[in-house]
Amino acid sequence: MARPQGHAGNRLLAALKPRDLALLADSLEMTTLKTGAVLFAPGEEVRQVHFPLDGTVAALVLSLKSGAVAEAAMIGREGAVGGVIRDRKSTRLNSSHITI
């Protein structure tokens, strides 16, 4: 797979040393998502991490016991979303949606 050219649009990837970025290069894949796309839902196994680029924000959304939902965090081009592993388990604790 060819290395995506847009990785510099994410500050976290851009901040990596070349040798560290090289460790990820074969796994990086550029994708286009529509506004409102659900990246993952609670309980799903962690299989991928998303690195938002310029103009994209991922919202971490929590479902409350009352049935309401709340945005808990917004992640933009400075970070990554989807890779939290806790207690040696790789399941999602929340859901995430794309906002542009």
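Modeller: Ser66 is exposed, because its relative accessible area is 64%, where exposed means over 50%, buried under 20% and partly exposed in between, with a 1.4 Å probe and protein chains only. This is a predicted model, in which local features need pLDDT of at least 70 and side-chain atom pairs count only at pLDDT 80 or more, while totals for chains, interfaces and linings use all residues. Residues are numbered from 1 along each chain as its sequence is written, and side-chain values use heavy atoms, with hydrogens and water left out.

Ser66 belongs to the loop between E2 and E3, and a polar atom of its side chain lies 3.3 Å from the backbone nitrogen of Ala68. That pair is a polar contact, meaning N or O atoms within 3.5 Å, one able to donate a hydrogen and the other to accept it within protein, with residues adjacent in sequence counted only if both atoms are side-chain atoms. Strand E2 (residues 57-63) and strand E3 (residues 69-75) run antiparallel and are joined by 6 bridges, pairing being assigned if DSSP finds at least two bridges between two strands. Within this pairing, Leu62 stands opposite Ala70 in E3.

Leaving aside residues up to four places away in sequence, Asn10 touches Phe51, Pro52, Leu53, Gly76, Arg77 and Gly79, a contact being heavy atoms within 4.5 Å.

For the chain as a whole, the secondary structure comes to 2 helices and 4 strands, in the order α-α-β-β-β-β from the N terminus; these are DSSP runs numbered from that end, helices being H or I of at least four residues and strands E of at least two. Among contacts with a separation of 6 or more, 66% are between residues 24 or more positions apart. Of the 100 residues, 27% are buried, and the chain exposes about 6900 Å², with carbon and sulfur atoms supplying 55% of it.

Key. Accessible areas come from the Shrake-Rupley method with a 1.4 Å probe; for residues, only the protein chains shown count as cover.
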